[in-house]
Each structure stands twice: as C-alpha cells, then as structure tokens.
Amino acid sequence: MKRATLAVLAGLLATTATFAEEFAGPYFGEVVRVIDGDNFEAKIEIWPTISSTVSVRIAGIDAPELFRPQCPQEALGARAAKEALRELIPPKTEVRLEHVEADSFSGRVLAVVYRQKLERGRTLTELLLNRDVVELWTPGDPDIDWCATTD
C-alpha cells in the first residue's frame with residue numbers, strides 16, 4: 001500500500017511540474033493600462049483567436065505603494081515608478097511574458113516581461129531598475145521601507 005501511494009504521489013508531482021512548465025509561456029499580448037510601478041493589465045493571446053485580459057506583476061522588483069503610501073516620499077516614488085512604467089509600456093505596446101506563474105493576489109500573474117519589439121534581451125525589470133524607481137525584490141524578502149530616510 002505504501003509503495004502504491006508513493007507511486008501515485010510521484011506521478012502527480014511529475015504531472016504538476018509538467019503542467020507548470022507547459023503553461024509558463026511565452027505568451028504575447030498588448031498592454032491595456034499601467035496600474036502602478038510594477039503592475040499592468042494586458043490582453044494576452046492564450047490560444048489562436050482566444051485572448052484574456054490579465055493583471056501582470058513584473059517579476060524581480062517592488063515599487064513604492066501607489067494606493068496606500070505610508071509617507072509622502074513613498075507617494076512621490078510611487079507616482080514616479082508608475083510614470084516610468086507608462087513611458088516604457090504605454091497602452092497598445094506589444095509585450096512578451098515568460099516564466100509565468102500564479103501570483104499571491106487572485107487573478108494576477110507574476111512574469112518576466114519584455115517589450116516584444118523593442119530592447120530584445122532586456123526585461124522591464126532591468127529597464128525600471130536603470131531608471132532607479134524600483135528595487136530588486138522577490139517573494140519572501142522583507143518589505144522595503146520606502147519611508148526610511150537616507151542621509
């Protein structure tokens with residue numbers, strides 16, 4: 001009984017890994033709107049003639065909170081980050097999503113994002129970091145204190 005259970009579990013795990021790898025992308029689509037400095041909405045083609053509008057969190061970064069800032073400098077930073085992202089991917093910009101996975105917020109995905117026809121090889125993460133409006137961050141890292149003063 002124990003061996004049979006382990007075999008079934010191993011099969012399920014293998015299927016789950018294959019499923020996750022199969023659906024990790026790449027996906028192609030078009031930006032609908034920028035939400036904040038590290039999130040945007042895009043219409044993504046998921047099958048020929050079938051598309052879905054999804055909220056996308058850009059992997060590898062964190063931007064100051066736009067909707068509930070803790071201090072005035074976080075609010076300023078959030079607006080700057082949103083504007084930088086809007087300059088990089090205005091509505092109708094073609095994007096490519098890779099390494100797509102479910103995010104902690106329902107209905108949103110986490111992905112490595114490229115501007116499809118521009119700057120091939122450079123991610124939005126890299127482009128935003130170069131503008132100094134976001135910080136490197138991965139899930140599980142401590143929250144960034146955007147209100148800390150630097151002297």
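Modeller: A residue is called buried when its relative accessible area is under 20%, exposed when that area is over 50%, and partly exposed in between (1.4 Å probe, protein chains only). The model is predicted: local features need pLDDT of at least 70, side-chain atom pairs count only at pLDDT 80 or more, and totals for chains, interfaces and linings use all residues. Residues are numbered from 1 along each chain as its sequence is written, and side-chain values use heavy atoms, with hydrogens and water left out.

Colleague: What makes up the fold of the protein chain, read along the sequence?

Modeller: Helices (DSSP H or I, at least four residues) and strands (E, at least two) are DSSP runs, numbered from the N terminus. The protein chain has three helices and seven strands, in the order α-β-β-β-β-α-β-β-α-β. Of its 151 residues, 37% are buried.

Colleague: What makes the pair of Arg57 and Asp38 a salt bridge?

Modeller: The term requires a side-chain nitrogen of Lys or Arg within 4 Å of a carboxyl oxygen of Asp or Glu. For Arg57 and Asp38 the N to O distance is 3.4 Å, which is within 4 Å, so the pair qualifies. Arg57 belongs to strand 3 (residues 50-58) and Asp38 to the loop between strand 1 (27-36) and strand 2 (39-47), so the bridge ties together parts that are 19 residues apart in sequence. Asp38 has 4% relative accessibility and is therefore buried as well.

Colleague: Which residues does Glu74 contact beyond its neighbours in sequence?

Modeller: Contact means heavy atoms within 4.5 Å. Leaving aside neighbours within four places, Glu74 contacts Pro64, Glu65, Pro69, Trp146 and Cys147.

Colleague: What makes a group of residues a nonpolar core, and which residues have the most contacts inside the largest one?

Modeller: Such a core is a set of buried Ala, Val, Leu, Ile, Met, Phe, Trp, Tyr and Cys residues joined through side-chain atoms within 4.5 Å. The largest has 27 residues, and Phe40, Leu97, Val113, Leu124 and Leu128 have the most contacts inside it. Two or more residues come from each of strand 1, strand 2, strand 3, helix 2, strand 5 (94-102), strand 6 (108-115) and helix 3 (124-130). Helix 2 contributes the most, with four residues. Not counting residues up to four places away, Leu128 touches Gly37, Ile58, Ile61, Ala84, Leu85, Leu88, Val133 and Val134.

Colleague: What makes Ile46, Trp47 and Ile50 a nonpolar patch?

Modeller: Patches consist of residues with over 30% relative accessible area and no salt bridge; like charges are joined within 9 Å, and nonpolar side chains (Val, Leu, Ile, Met, Phe, Trp, Tyr) within 5 Å. Ile50, in strand 3, has 41%, which passes the limit of 30% and makes Ile50 partly exposed. Together the three residues have about 340 Å² of accessible area, by the Shrake-Rupley method with a 1.4 Å probe, where for residues only the protein chains shown count as cover.
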